[in-house]
Amino acid sequence: MAITLEELRQQFHEQLRQANAAEAFEDLRVRYLGKKGEITGLLRNMGALAPEKRKEYGAKVNALKEEAEMSIKKRIEEAHARELELKIAATERYDLTLPSTLSEGSYHPITLVQREVEQIFASMGFTIEDYDEIVDDYHCFEALNIPKHHPARDMQDTYYLSNGQLLKTHTSAAQNAIMRKYGAPLRAIFPGRCFRNESTDACHENTFFQMEGIMIDENISISNLIYFMKTMLSEVFQRDVKVRLRPGFFPFVEPGFELDISCAICGGKGCPSCKNSGWLELCPCGMIHPNVLKAGGIDTEKYTGFAFGLGLTRLAMMKYGIKDIRDLNSGNLRSLNQFVK
Amino acid sequence: MKVSMNWISDHVDLSGLDIDDLIHRFTLSTAEVEDVYHLGTEINGVVVAEIKTIEAHPNSQKLHLLELDLGDHTDRCVCGAPNVRVGMRVPFAPFGASVVGMTIGEATIAGVVSRGMCCSAAELGIADSSSGLLELPADAPLGKPVKELYAFEDTVFEVDNKSLTNRPDLWGHYGIAREFSAIAKRPLKPIALDDLAKYDALEPVPLGSIDPELCYRYSAIRADHIQKKVSPIDMQIRLYYCGMRAISLLADLTNYVMLELGQPTHAFDSRMVGTIGVQRFPEPFAFKTLDDVERKIDPETLMITSDGKPVAVAGVMGGLNSEIVADTDSVTLECATFSAVSVRKTSSRIGLRTDASMRYEKTLDPELCAIAAGRFLKLLLAIDPEAKVASRYTDCYQYHYPEIELHFDKKFVDRYTGIDISDAQINETLTRLGFGVTEQNSVFDVKVPSWRATKDVTIPADVIEEITRIYGYDNFRIETTMSALRPVQPLRVKADEKAVKDALVKTFGLHEVHTYLWCDAKKLKDLKIPLPENVYLLNGMNPDATVLRTAMMQTLLPVLKENRFYAPAFGVFEIGRTVKGQKEDGTANERRTLGVALLSHEKERTVFLAARDMIAAILFDLRRIHPTFERVQPINAWEHPANTAAIVLDGSTIGTISTVHPEVAAEIDKKASLVTLELDMDALAEIKEADLKYREASRFPGIDIDLSFVVDKDVTFADVVGPFYADRDETLVGISLVDIYEADVKSMTIRLSFVSPVKTLQKAEVQSYIDRVLKVLAEKNIRLRTV
């Protein structure tokens, strides 16, 4: 026998220790464990042994074979792990603090407030309508029980147009058309842009948004009006809003009311925001005047209804703490880009 | 308007009630109270004193040393008032007393110690400024605290005038007292009047012609031998607390009657008036009013005349030529009602709004004239018993408002209120407010009082307000409606608007802005964009902002420019209204329009095509239809002649997309790429969404065939694929662009996809189709690339 089992083992381990590349491991595997490999070859020598020793010898060779296989496998795994480690270590760490390249858009604050209010009313079965900005005298005044020479026309500084039409001064201008379009019973809101011919400052704009609502059915009462206003405003402000009604004069409602809500800033105790009254005047409302219903083709014997107006611009300013109304029409993205949703 | 609770208490006994609480209820039941003032509380310890001696001050020409008689003792003080006089009775604040803004201590005035102060009206808080001491009547009891003699203490509240526009009856204390009577459920006292009938035997005040159209009632009465010049202190206090200034007895009386009844009256010096007329003048002329300002009177303006000469602007202000003066001892009192519209228009024409005109324009009750005359005389004769009424009450009552009677039943009230207000409550409220009520079995016949019948209360719904406001809205039980549920279809325009905004903001990162409906001429000029010819504002305040926009870009491009340093690439958009001229009937052709303006530092071609893809994606999402883009000639100054395209959806042109004309682009940002887009949302709304029809996918594999062409630079993708569609093989399912390369020549690789529903296709089966089309293309000089 040229080489003993033990010598072969040592020789194998020595060579495995020196090997360090994937091909070298493969070479060793072929050299020792291949069909003509040195360890495999030992088994071929078995015939020369005494039969009683064959079993023991065979077991030893097999043990060596297994040991060699395991050793090679282990070295391969180790090498792979080291390689992976190096690869991972070499991988670039990305700069997560780099600014995003995706541009984020923004909504106009009026859009956000309008959608919120629209959703509340849609959930209560109101139709959401839309109306022209350019209207005529009939829709803006006559049909709303505001005859010629009525002082209410002076209160509204109207923009008149060269073609005899005018810019709507209030969303109520849509009432007649909507009554005619749907008839009774009817529940609808109609947000819209309104115009008043006045000079602008931090609190005044010639272009602003309102939202009008009407509900017409048999037996609609003042009690219903208060219920709807309280429910709607509690949803808008996300709190249980206390409301109070005071008499208010608007030609298109009778009785007419000014609706106040409890001041959120002081909780009704009185503060500068509510002029120490604990209440904020928020929206005019009332029972639709029979003349307005008649003009809209509604049978006043059968139906009554209420109407209310909500200043969307004012609501947006309250909600977001916008102090200067002119910011809204400024087109200045440095302020408007904040209104994301 | 300011309201004195002392004055109210003359007419309705409110004793034992909390005044501040009543005022709060007034806000809830009648009109908004803006402020409440507790006046006179600062005045303490001020007593009546008589000046006994006046000595010169050793160190001052202007100051005097006064010895004062306080009844049971005397006191001394230094006084600087110019009107001191021995025997004069004045309010005196001794050491420790307090007046407005100060407590009296010991002071050394020009070297002399003074422990007390004689007071002016201003120091007692009943005048803005005073030139001397307040003179008290000669019989004022010495040593008596002035607060026990005169009503310095009062609660005064201010009502928002705007909340009284529809209530002519609330422009005087008596009307307000009527409200308190209903709110507090206490009786309203009748007002004390002089009986005019007893003067019927006297000569009339000569009245000439009275304008039959604009003057509803003109009445006058004369009083002679008026000796008193100064109003009683209590009257002065009330006038001042209610925002007026004491002037002289006659002027104060007219103001007092107006503040009490809401009816303006005018006092002419009888020497200056002859036959009184009410008329308009055909020719304009100048007229000097009481305030010494010359006013231009035009033919519309109603004037009061004396012997044909103008003496007053009817319902607004008297003339300087007939004013009450120092030696006036005879007054001719005018009590009249004029057309509210006429007074309002006159007042705004001549730019003069007075306490009188403010009241007249609310449509006063003509019945008030005689009441005001009776009240004026009652007060005058009480203050100056020597005065004599010298004429009969001369009355030209030309227009009577119709009496209004309303009928309704309790069911009507219940239907409006939704709650149960009892017959008795309805009855009491209306009666206290002066309505004549007859009720039988819950059926009401209601007579509207004259002071509410000029315009305010005309229909049963108006009466509902009277009942409910006094009942108190705070006392309403509130509940939801009993209405049938109905499905609500969203409007297509609203749904489109929402989807477009969401896509532009969320998918494409654009910013929504709002701009005005009109063009800013200056900003457009800066951008070299001409102002459009369009409908314009007749009465806009800014002459540079009157013409309505015909396109969104007229207002969005200036916004793009103002934001040009905001980011290297950004876009703004707005869905607003544009006015594309007038329709055939002359009305404005108002269109809901989407405008998008993009600025980027990427290549213009990239930005333009991205914008095209953006709108195509949005439109396909909305209508399930692919838009096409057709190059058109620009019509607006900002549209580039090379790259302006119509956006066509389902055969209709609904918008325009364009790069920006170099002339305009240079004014916005020379270096940036700019793209604009306008979409007519109303036109879009008319296009219906295409149906989704399910087609089963073929079970057989299809084949793709790539073809590479070399073409001239101006050959478009559509030029290449068009003939394939024109002669379409039934198995062709689509053509896509694989690659495009432009250098000296343009090369384009397209992929034809074929699928058959019945078999697996072989290339040979479509080759003849391809060859046929290639031949057509070759005629247009579009050829396959030869390798």
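**Elements of chains A and B in the predicted model**

Gly262(B), which directly follows helix H6(B), adopts a positive phi of about 85 degrees. The model is predicted, so local features require pLDDT of at least 70 and side-chain atom pairs pLDDT 80 or more, while totals for chains, interfaces and linings use all residues. Residues are numbered from 1 along each chain as its sequence is written, and chains are lettered from A and ligands numbered from 1 in the order in which they are written. Helices (H or I, at least four residues) and strands (E, at least two) are DSSP runs, numbered from the N terminus.

Helix H6(B) itself covers residues 249-261 and has 13 residues. The helix reaches 18 Å from its first C-alpha to its last, close to the expected 18 Å (1.5 Å times one less than the number of residues). Of the 13 residues of H6(B), 12 are buried; a residue is buried if 20 or more other C-beta atoms, placed from the backbone, lie within 10 Å of its own, exposed if 12 or fewer, and partly exposed in between. Among the buried residues are Leu249(B), Asp252(B), Asn255(B), Tyr256(B) and Glu260(B). The elements covering them include helices H4 (173-184), H5 (233-241), H8 (355-360) and H9 (368-383) and strands S15 (265-269) and S22 (331-338) of chain B.

Helix H15 of chain B (residues 553-562) is largely enclosed by the rest of the structure, because 8 of its 10 residues are buried. The buried residues of H15(B) are Met553(B), Gln554(B), Thr555(B), Leu556(B), Leu557(B), Pro558(B), Val559(B) and Leu560(B). Their cover includes helices H14 (521-526) and H17 (662-668), together with strands S29 (570-582), S30 (588-600) and S34 (673-680), of chain B.

In chain B, 3 strands form an open antiparallel sheet in the order S1-S12-S2, where two strands pair if DSSP finds at least two bridges between them. Strands S1 (2-4) and S2 (33-39) of chain B each have a single partner strand and stand at the edges, so one side of each lacks a neighbour in the sheet. From one strand to the next the twist averages 20 degrees. S2(B) is joined to the antiparallel strand S12(B) (residues 154-159) by 6 bridges, and His38(B) stands opposite Thr155(B) in S12(B). Helix H2 of chain B (residues 19-29) packs on this sheet, touching S2 and S12 of chain B, and its direction makes about 165 degrees with that of S2(B). Such angles run from 0 to 180 degrees between N-to-C directions, with axes fitted to C-alpha atoms, for helices over the stretch in contact; two residues are in contact if their C-beta atoms, placed from the backbone, lie within 7 Å.

Strand S19 of chain B (residues 303-306) runs antiparallel to strand S16 of chain B (residues 276-279), with 4 bridges between them. Gln279(B) stands opposite Met303(B) in S19(B). S19(B) is also joined by 4 bridges to the antiparallel strand S20 of chain B (residues 309-313), in which Pro310(B) is the bridge partner of Thr305(B). The hairpin of S19(B) and S20(B) has 2 residues between the strands, and Asp307(B) takes a positive phi near 50 degrees there. Met303(B) and Thr305(B) point one way from S19(B), Ile304(B) and Ser306(B) the other way, and all are buried.

Chain A contains 12 helices and 9 strands. Its radius of gyration is 43 Å, whereas a compact globule of 341 residues would have one near 20 Å (taken over C-alpha atoms; the globule rule is 2.2 Å times the number of residues to the power 0.38). The C-alpha atoms of chain A fill a box of roughly 135 × 50 × 45 Å along the principal axes. Of the 341 residues, 40% count as buried.

A mixed, open sheet of 7 strands in chain A has the order S1-S4-S5-S9-S8-S7-S6. S1 and S6 of chain A stand at its edges, each with a single partner strand, so one side of each is left without a neighbour in the sheet. Strands S8 (residues 279-288) and S9 (residues 304-311) of chain A run antiparallel and are joined by 3 bridges; Gly286(A) has Ala307(A) in S9(A) as its bridge partner. Helix H12 of chain B (residues 460-471) packs on the sheet and touches S6, S7 and S8 of chain A, its direction making about 35 degrees with that of S7(A).

The contact between the chains takes 60 residues from chain A and 74 residues from chain B. On the side of chain A, H9(A) gives the largest share, 6 residues.
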